[in-house]
Amino acid sequence: MPEEKPPVDAILQKVLDAVPFTLTVDGGVQEARRRLRDLPRRPLHEDIRAEDHHIDGPAGPIPVRVYWPPENQDAVPSDEPHPVTMFFHGGGFAMGDLATHDVTARQHAAVGRTVVVSVDYRLAPEHPYPAAVEDAWAATCWVARNADRFGADGSRLAVAGDSAGGNLSAVVAQLARDGRRSGDGPTVMFQLLWYPATMWDTSLPSYRENAGAPVLDNDAIAAFTRWYAGHLDLTDPPAGLAPGRAADFSGLAPAYVAVAGHDPLRDDGVRYAELLSDAGVEVELHNAETLVHGYLGYAGVV
């Protein structure tokens, strides 16, 4: 018989019981955004300097928030500028913004010792696929060319994101690889994918095992998919939507893929890590067996 899966972390379960939260489209998109925006968060790394900017995008200016690591709070370029990380927030491609993921972006700057550029890409259903990809790619290209404005080194560039943002990070890494092969575009040196959506394949075991999981369940995934990609034939999704369906994974940036045991998307991340490894890409996979989708949002509590 298969081993019984460990239960949800006891402290996290207490938090989930005290402050129930489920990603859902009930009440419409504005209500869904409000629920995520109003979720209590414990401040972390408040001493980190952050500035809001706008950069050029395909449909107008893209809001971004730039964070400097603790040892470079004055943001003055030095002889050895910091690497830069593009951060793309989660939220089912329909929710989330610079504020909802401010703490997570601060964590990346503080722990990674990197300048972080958090991107407020366009959201579905008002702006379905490929709007988010276009904004994420445009922001990455702009920062790679202009990182010196923030005292960062655009040649040492990583992508990071959670959930939908993990999807966008993987897509941007593939676009960068393809651009590098054609002699154009930025070089992505590393990809940090937190419980990413990659396959668009609900036959994976974790979709059955965690169909009614806390925070994110199968009904929410289906609803967000309709908002973001309901106009596409999802029996054969493009790699820009489902990076795990790409024809070629060789030459991609090294990756750290983090998944959660109690998450329908667990096997999305596992499968993507396998595809990268099979193609010779350096990859580390970590399965937090007792955690749930969105666990970064509980940092400072769990």
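A polar contact is a pair of N or O atoms within 3.5 Å; within protein, one must be able to donate a hydrogen and the other to accept it, and residues adjacent in sequence count only if both atoms are side-chain atoms. The model is predicted: local features need pLDDT of at least 70, side-chain atom pairs count only at pLDDT 80 or more, and totals for chains, interfaces and linings use all residues. Numbering starts from 1 along each chain as its sequence is written, and side-chain values use heavy atoms, without hydrogens and water.

**View 1. T100 and its surroundings.** T100 sits in the loop between β3 (82-88) and α3 (102-112) (DSSP runs: helices H or I, at least four residues; strands E, at least two; numbered from the N terminus). Its side chain makes a polar contact of 2.8 Å with that of H101. T100 counts as buried because its relative accessibility is 8%, buried being under 20% with a 1.4 Å probe and protein chains only. Leaving out residues up to four places away in sequence, T100 touches L36, R37 and R41 (heavy atoms within 4.5 Å).

**View 2. T100 and H89.** Eleven residues separate T100 and H89 in sequence. Their C-alpha atoms are 8.4 Å apart.

**View 3. Lining of the largest pocket, by class.** The lining divides into 21 nonpolar, 13 polar and five charged residues. Nonpolar means Ala, Val, Leu, Ile, Met, Phe, Trp, Tyr, Cys and Pro; charged means Asp, Glu, Lys and Arg; the others, Gly among them, are polar. α7 supplies the largest share, five residues.

**View 4. Lining of the second largest pocket.** β5 gives the most, five residues. By class, the lining has twelve nonpolar, five polar and one charged residues.

Terms used: Buried means under 20% relative accessible area, exposed over 50%, partly exposed in between (1.4 Å probe, protein chains only).
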